[in-house]
Amino acid sequence: MTLSKNPFVAVLDLLRSPIDCFAAIYERPKWAFIPYLIIILSPFFMWFSYFDNVDMVWLQQTLLAQLSNNGQLIEQDWLTKDVLIAGEIFSDIFGRTVCIFVLALWLNLSTKGNRYKHSYGKWLAATCFIMLPTFVGDIASLTNIIFNTNNIMPNAADLNSLNGLLKLPLNHPWTAFTTTVPLLAPWYIALTYTAVAAWTDFDRAKAIIVAILPWLLTLIIWPVMILVA
């Protein structure tokens with residue numbers, strides 16, 4: 001095993017040798033600041049590009065039609081380019097930050113039973129790297145936006161979510177679910193498994209359960225809530 005030499009090499013090692021990456025992060029958790037910056041800054045490029053390419057008149061009319069059919073009253077002033085850009089960027093940054101903190105809390109609590117005790121801060125550092133594939137999703141979304149000649153809705157332009165493939169309208173009852181489900185969940189699970197296996201004495205079965213369970217609960221709880229509502 002060769003530890004990553006610096007945070008930028010650690011980012012590359014996440015793709016080519018995750019075990020080396022997590023071994024280095026364990027020694028230098030402050031390196032997590034770099035992937036977190038990447039995660040929260042990449043939405044700026046994606047959404048500025050989206051709103052520079054989309055027909056704003058078409059977007060405003062479609063948003064008004066879909067949200068009105070959904071029983072929501074929308075002020076025209078809320079549908080300006082600047083407001084919509086700010087809303088999408090804030091939503092991405094807030095959602096990703098919450099996901100990082102919640103996943104770190106899960107890993108901290110679910111690994112209490114192993115011999116090696118790690119602080120919440122160390123799991124937080126690991127989770128920043130675990131969620132780094134969102135940057136790959138942003139690059140894919142940006143490519144889709146640039147080369148797509150048709151107008152698409154914001155929730156359909158983001159290829160980080162399942163709705164990036166299904167492209168359900170905002171007034172569809174399952175849109176909230178498909179927008180929440182990450183398309184790169186298998187990658188997150190694989191990285192989580194690698195971190196848990198590297199940092200704990202859990203056997204393979206326990207490490208897999210710890211890695212899969214939070215995402216599995218999301219896939220189960222959301223549909224139940226929608227069906228009950």
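**Exercise 1.** Work out which residues lie nearest the centre of the largest pocket and how the lining of this pocket is made up.

*Solution.* The largest pocket has 41 lining residues, and those nearest its centre are Ser91, Asp92, Gly95, Thr179 and Thr180. A pocket here is an open set of points on a 1 Å grid over the protein atoms alone, where a 1.4 Å probe fits, with protein on both sides within 12 Å along at least five of seven lines, and lining residues have an atom within 4 Å of a point. The model is predicted, so that local features need pLDDT of at least 70 and side-chain atom pairs count only at pLDDT 80 or more, while totals for chains, interfaces and linings use all residues. Residues are numbered from 1 along each chain as its sequence is written, and side-chain values use heavy atoms, with hydrogens and water left out.

Next, turn to the helices (DSSP runs of H or I, at least four residues, numbered from the N terminus). Helix H5 (81–110) gives the largest share of the lining, 13 residues, and among the other elements that supply at least two residues each are H3 (33–53) and H4 (56–69).

**Exercise 2.** Determine where Lys167 is found and whether this residue is buried, partly exposed or exposed.

*Solution.* Lys167 is found in the loop between helix H9 (163–166) and helix H10 (175–180). Its phi is positive, about 55 degrees, although Lys167 is not a glycine. Because its relative accessibility is 39%, Lys167 counts as partly exposed, a class between buried (under 20% relative accessible area) and exposed (over 50%), with a 1.4 Å probe and protein chains only.
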